[in-house]
Amino acid sequence: MIDADALHRDAIVIDAVSPLTRRGQHLDRYREGGVTVVGPTIGVTENAGAALRNLGLWHRLFRERDDLVHVRLAADILRAKRDGKLGIVLHFQNISPLEDSLDLADAWAAAGVRMIQLAYNVRNAGGDGCEEKADAGLSRFGRQLVERLDAARVVIDGSHTGRQTVLDAIAIARRPVVVSHANAAAVHASPRNLDDDVIRKIAATGGLIGLVGFPAFVSGSDAPELDALLAHLDHLVRVAGIEHVGLGLDHYEGQHGIADPDTAMTLYRQHVATGAWSDAYPPPPWRYPQGVDLPERLGNLTRALVARKWREDDIRKVLGLNWVRVFRDVWGG
């Protein structure tokens with residue numbers, strides 16, 4: 001029998017999407033959960049100036065804190081694991097920080113933003129988000145942007161992005177494309193989840209899909225059990241293959257266990273008022289799947305996979321090695 005706790009301690013564990021840590025908060029929760037690399041979201045609706053301030057905060061933390069590693073190359077992940085430090089992959093969940101400039105894609109890449117999402121639910125200058133009924137795909141600017149991100153070796157992320165927009169990006173990109181945080185529509189229908197055809201096509205690029213824990217994307221329950229999340233994992237593995245699934249759990253500062261009810265409701269109303277969130281996002285409380293509801297409990301995922309008699313090599317791939325491969329393919333190192 002595999003020792004699940006020893007495996008979790010030894011594995012490279014990458015949670016590639018973490019709005020919870022966007023301003024450097026809660027990093028100790030990820031360390032306690034055995035995470036090697038976490039992906040703070042430092043831009044969603046921010047313009048270039050606001051995103052630059054967020055980036056400046058992180059560069060200050062990298063200078064001041066010896067326990068953090070700014071991950072720019074795949075080798076930085078291995079160094080973080082070896083040295084017992086927490087690796088940080090900086091991530092935009094929209095192209096708002098690029099404004100209308102393709103050159104800003106190169107600027108952000110040079111400054112250390114390593115993954116950029118093409119849309120956030122609604123239409124932007126690049127193309128349609130996943131809640132646009134027209135599903136019109138990439139704009140001319142969006143096509144040029146995909147080419148520029150690909151050339152700059154930034155991971156192209158199709159989360160929150162319209163189906164046709166993702167397919168257009170796949171057709172243009174020469175390197176792996178990911179959907180960093182989404183689940184399977186065949187298991188639970190949601191505009192944010194992926195149909196099997198898109199899952200297969202993401203895998204065919206060499207990319208992956210990151211399993212997400214936001215409850216509305218897991219099941220119809222407002223407090224999903226871990227088995228409900230694992231049903232998505234099982235489906236993604238069947239359709240994409242074991243090499244093409246990872247973690248992007250998307251723990252969020254408004255979720256149950258982090259925010260008090262009044263704060264969560266204030267955040268919800270703000271998101272709805274801006275039009276970024278629709279009825280695909282129920283009001284709080286947002287209870288993430290039991291057992292992995294907080295980052296410090298991520299070892300429970302490894303225990304569950306061991307209990308299901310998963311092979312050790314496959315567990316290591318889903319926990320982090322698949323992300324390492326994708327990052328190496330895109331970034332080098």
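Rings of Phe, Tyr and Trp (for Trp, its six-membered ring) pair if their centres lie within 6.5 Å. On that basis, F214, F217, Y252, Y268, W277, Y281, W286 and Y288 form one aromatic cluster in this structure. The model is a predicted one.

**Aromatic pairs and the cluster**

- A search of the whole structure finds 16 aromatic pairs.
- One of them joins F214 and W277, whose ring centres are 6.0 Å apart and whose planes stand at 70°, so this pair is edge-to-face; the angle falls in the edge-to-face class because that class covers planes over 60 degrees apart.
- F214 lies in the loop between β9 (209–211) and α9, and W277 in the loop between α10 (261–273) and α11 (299–307), so their pairing ties together parts that are 63 residues apart in sequence.
- F214 counts as buried, at 2% relative accessibility, and W277 also counts as buried, at 6%.
- Y252 and W286 make a tilted pair, because their ring centres are 5.6 Å apart with the planes at 55°.
- This pair ties together parts that are 34 residues apart in sequence, because Y252 lies in the loop between β10 (245–247) and α10 while W286 lies in the loop between α10 and α11.
- Y252 is buried, with a relative accessible area of 9%, and W286 counts as buried at 1%.

**S180 and its surroundings**

- S180 is found in the loop between β8 and α8 and counts as buried, at 0% relative accessibility.
- The side chains of S180 and D157 are joined by a polar contact of 2.6 Å.
- Beyond its neighbours within four places in sequence, S180 is in contact with V17, H91, M115, D157, S159, G210, L247, G248 and W323.
- From C-alpha to C-alpha, S180 and G246 are 8.1 Å apart in space, although 66 residues apart in sequence.

**H232 in helix α9**

- H232 has its place in helix α9 (residues 226–240).
- With a relative accessible area of 0%, H232 is buried.
- The H232 side chain reaches the backbone nitrogen of A184 at 3.1 Å.
- Setting aside neighbours within four places in sequence, the residues in contact with H232 are N183, A184, V187, H188, N193, L211, F217 and V218.
- F217, one of these contacts of H232, is also a member of the aromatic cluster.

**Helix packing**

- Which residues meet where helix α4 packs on helix α12? A74, I77 and L78 in α4 meet V324, F327, R328 and W331 in α12.
- By class, this contact of α4 with α12 has six nonpolar residues, no polar residues and one charged residue.
- Helix α4 (residues 74–83) and helix α12 (residues 312–331) pack at an angle of about 140°, and their axes are 8 Å apart.
- The two helices α4 and α12 are therefore oblique to each other; an angle counts as roughly antiparallel if it is over 145 degrees.
- An α-helix has 3.6 residues a turn, so residues three or four places apart point the same way.
- In helix α7 (residues 163–172), the buried residues are T165, V166, L167, D168, A169 and I170.
- The cover over the buried residues of α7 includes α6, β8 (177–178) and α8 (196–204).

**Backbone features in loops**

- The peptide bond from P284 to P285 is cis, with omega near 10°, and P285 lies in the loop between α10 and α11.
- R153 is not a glycine, yet has a positive phi of about 60°.
- R153 lies in the loop between α6 and β7 (155–157) and counts as partly exposed, at 31% relative accessibility.
- K309 is another residue other than glycine with a positive phi, in this case near 65°.
- K309 lies in the loop between α11 and α12 and is exposed, with a relative accessible area of 68%.

**E147 in helix α6**

- E147 lies in helix α6 (residues 140–151).
- Is E147 buried, exposed or partly exposed? With a relative accessible area of 48%, E147 is partly exposed, because the exposed class begins over 50%.
- E147 and E225 are 78 residues apart in sequence and, from C-alpha to C-alpha, 40 Å apart in space.

Note on methods: Residues numbered from 1 in each chain as written. Predicted model: local features only at pLDDT ≥ 70, side-chain atom pairs only at ≥ 80, totals over all residues. Heavy atoms only, no water. Helix = DSSP H or I, 4+ residues; strand = E, 2+ residues; numbered from the N terminus. Buried < 20%, exposed > 50% of the residue type's maximum accessible area, 1.4 Å probe, protein only. Polar contact = N/O pair within 3.5 Å; in protein donor to acceptor, adjacent residues only side chain to side chain. Contact = heavy atoms within 4.5 Å. Axes fitted to C-alpha atoms, helices over the stretch in contact; angles between N-to-C directions. Parallel < 35°, antiparallel > 145°, perpendicular 65-115°, else oblique. Nonpolar A, V, L, I, M, F, W, Y, C, P; charged D, E, K, R; others polar. Phe/Tyr/Trp six-rings, centres within 6.5 Å; stacked < 30°, edge-to-face > 60°.
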